[in-house]
Amino acid sequence: MNTTKILVILGSIREGRVGDKVANWYMETVKNVEGAEFELLDLKEHPLPLFADAVSGAYREGKHPNPAVQAFLEKIAGVQGVVILAAEYNHSVPGALKNALDYTYWEWKGKSVGFVGYGGAAGGARSVEHLRQIVAELRAYSVRDQVVLPFVWTMFDAAGKMQNAEPHEKTALAMTNDVLDLARKLSA
Ligand SMILES: Cc1cc2nc3c(=O)[nH]c(=O)nc-3n(C[C@H](O)[C@H](O)[C@H](O)COP(=O)(O)O)c2cc1C
């Protein structure tokens, strides 16, 4: 079986974010999934300028003139599936993540997408609902199951380990297996 490549995008970049702990937990949870390779792309380490291009990614011709943007586009283009770690900001997607997505378009065509939502009372569910609409516009397909992590700032101990992680790990693996199944069907 060929290895299915999954890009994991961390889209919150604020100081003191919980997102890095969520990312470590997710990467650790999926590290032994067979037949798959997971790469984390942290937008804090790969900052992109505020989108101000003349046209959307759907109408851009050739490479993007900004190497950081082009590298981001190539990361998405080079995988069969994407898992988005989605914080909820004001019932929606963090600005840095939406900004990054606005550069993209064709790179997503026919890809499979899953979500790890995290936030306050709603556990990122409203952010994920918006992301489902966004990835549909980008011609990608999202799987049903999603991780929901409510009051995420209470979930990790001082060493960054998630407490009572088992049910969330189960959901994360189920979602990830669906992303992989769909990715393989879409790229068959
Ligand atoms: C600007 C901002 C807006 C937020 N809005 C919401 C919200 O609408 N609903 C919610 O459940 N949590 C909300 N939160 C809480 C975040 O989801 C929570 O702090 C989470 O840890 C954010 O991810 P991060 O730590 O990786 O940045 C908000 C946090 C920030 C910073």
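How many bridges join β1 to strand β3, residues 81–87? There are 5 bridges, and the two strands run parallel. Before going on, some ground rules. This is a predicted model, in which local features need pLDDT of at least 70 and side-chain atom pairs count only at pLDDT 80 or more, while totals for chains, interfaces and linings use all residues. Residues are numbered from 1 along each chain as its sequence is written.

Strands (E, at least two residues) and helices (H or I, at least four) are DSSP runs, numbered from the N terminus. Two strands pair if DSSP finds at least two bridges between them. A residue is buried if 20 or more other C-beta atoms lie within 10 Å of its own, exposed if 12 or fewer, and partly exposed in between, with C-beta atoms placed from the backbone.

Start with β1, residues 4–10. Of its 7 residues, 6 are buried. Between β1 and β2 the chain passes through helix α1, residues 19–30, in a right-handed β-α-β crossover. Right-handed here means that, with the strands pointing away from the viewer, the path from the first strand over the helix to the second runs clockwise.

Now a residue of β1, Lys5. Setting aside neighbours within four places in sequence, Lys5 is in contact with Glu37, Gly78, Val79 and Gln80; contact means C-beta atoms, placed from the backbone, within 7 Å.

Next, β4, residues 112–118. Here 7 of the 7 residues are buried. Ser112, Gly114, Val116 and Tyr118 point one way, and Val113, Phe115 and Gly117 point the other way. In a regular strand the side chains alternate between the two faces of the sheet.

Which strands does β4 pair with? β4 is joined to β3 by 7 bridges, running parallel, and Ala87 has Tyr118 as its bridge partner. β3, helix α3 (residues 95–102) and β4 make a right-handed β-α-β unit. β4 is also joined to β5 by 2 bridges, again parallel. From β4 the chain goes through helix α4, residues 125–137, to β5, and that crossover is right-handed. Finally, 3 bridges join β4 to β6, in parallel, with Tyr118 partnered by Leu149.

On to the nonpolar core, a set of buried Ala, Val, Leu, Ile, Met, Phe, Trp, Tyr and Cys residues joined through C-beta atoms within 7 Å. The largest one has 52 residues, and Leu85 and Val116 have the most contacts inside it. Beyond its neighbours within four places in sequence, Val116 is in contact with residues including Val22, Tyr26, Val83 and Ala172.

Last, Asp145, in the loop between β5 and β6. Why does Asp145 count as partly exposed? Because Asp145 has 16 C-beta neighbours inside 10 Å. Asp145 and Thr171 are 26 residues apart along the chain, yet their C-alpha atoms are separated by 7.4 Å. Thr171 is one of the residues that Asp145 touches, along with Ala174, Met175 and Asp178.

Technical notes
Two residues are in contact if their C-beta atoms, placed from the backbone, lie within 7 Å.
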